[in-house]
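Have the coordinates open as you read.

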Amino acid sequence: KGYVDTFTIHTVPPEGFEDVESYAWVVFTVDDVLLRASGFLPGIKKPSDLPIGSEVEVNGFDKKNGLVLKKI
């Protein structure tokens, strides 16, 4: 669990990600430690969907996307 530091929104998915309409690649700071991680957050279409500082948590892992996040 942590909070969003920065992100990049992909509304036109690159080759191999056609199964996802839009997503954000998120860099987040993990709560209570000096550690940043990055992960895949599906369903983000515009910056207002994910303000800087939003809380996220790891919702899973898969080989294709790595850490899969959800907004909380």
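**Rings and charges**

At 4% relative accessibility, Phe-40 counts as buried, where buried means under 20% relative accessible area, exposed over 50%, and partly exposed in between, with a 1.4 Å probe and protein chains only. Before going further, please keep in mind that this is a predicted model, in which local features need pLDDT of at least 70 and side-chain atom pairs count only at pLDDT 80 or more, while totals for chains, interfaces and linings use all residues. Residues are numbered from 1 along each chain as its sequence is written, and side-chain values use heavy atoms, leaving out hydrogens and water.

Which partner does Phe-40 have in a tilted ring pair? A search of the whole structure finds two aromatic pairs. In one of them, the ring centres of Tyr-23 and Phe-40 are 4.8 Å apart and the planes meet at 40°, so the pair is tilted. Rings of Phe, Tyr and Trp (its six-membered ring) pair if their centres lie within 6.5 Å, and planes under 30 degrees apart count as stacked, over 60 as edge-to-face and the rest as tilted. Helices (H or I, at least four residues) and strands (E, at least two) are DSSP runs, numbered from the N terminus. Tyr-23 is also buried, at 6% relative accessibility.

Ring pairs bring Phe-17 together with Tyr-23 and Phe-40 in a cluster. Phe-17 has a charged neighbour too: the charged end of Lys-64 sits over its ring, 5.0 Å from the centre. That label requires NZ of Lys or CZ of Arg within 6 Å of the ring centre and within 35 degrees of the ring normal.

Now for the salt bridges, of which the structure holds five; each is a side-chain nitrogen of Lys or Arg within 4 Å of a carboxyl oxygen of Asp or Glu. One of them joins Asp-5 to Arg-36, with the closest N and O atoms 3.1 Å apart. This pair links distant parts of the chain, from strand E1 (residues 2-10) to strand E3, 31 residues apart. Asp-5 is partly exposed at 22% relative accessibility, whereas Arg-36 is exposed at 61%.

Another salt bridge pairs Lys-70 with Glu-57, the closest N and O atoms being 3.4 Å apart. Here Lys-70 lies in strand E5 (residues 66-71) and Glu-57 in strand E4 (residues 55-62), 13 residues apart.
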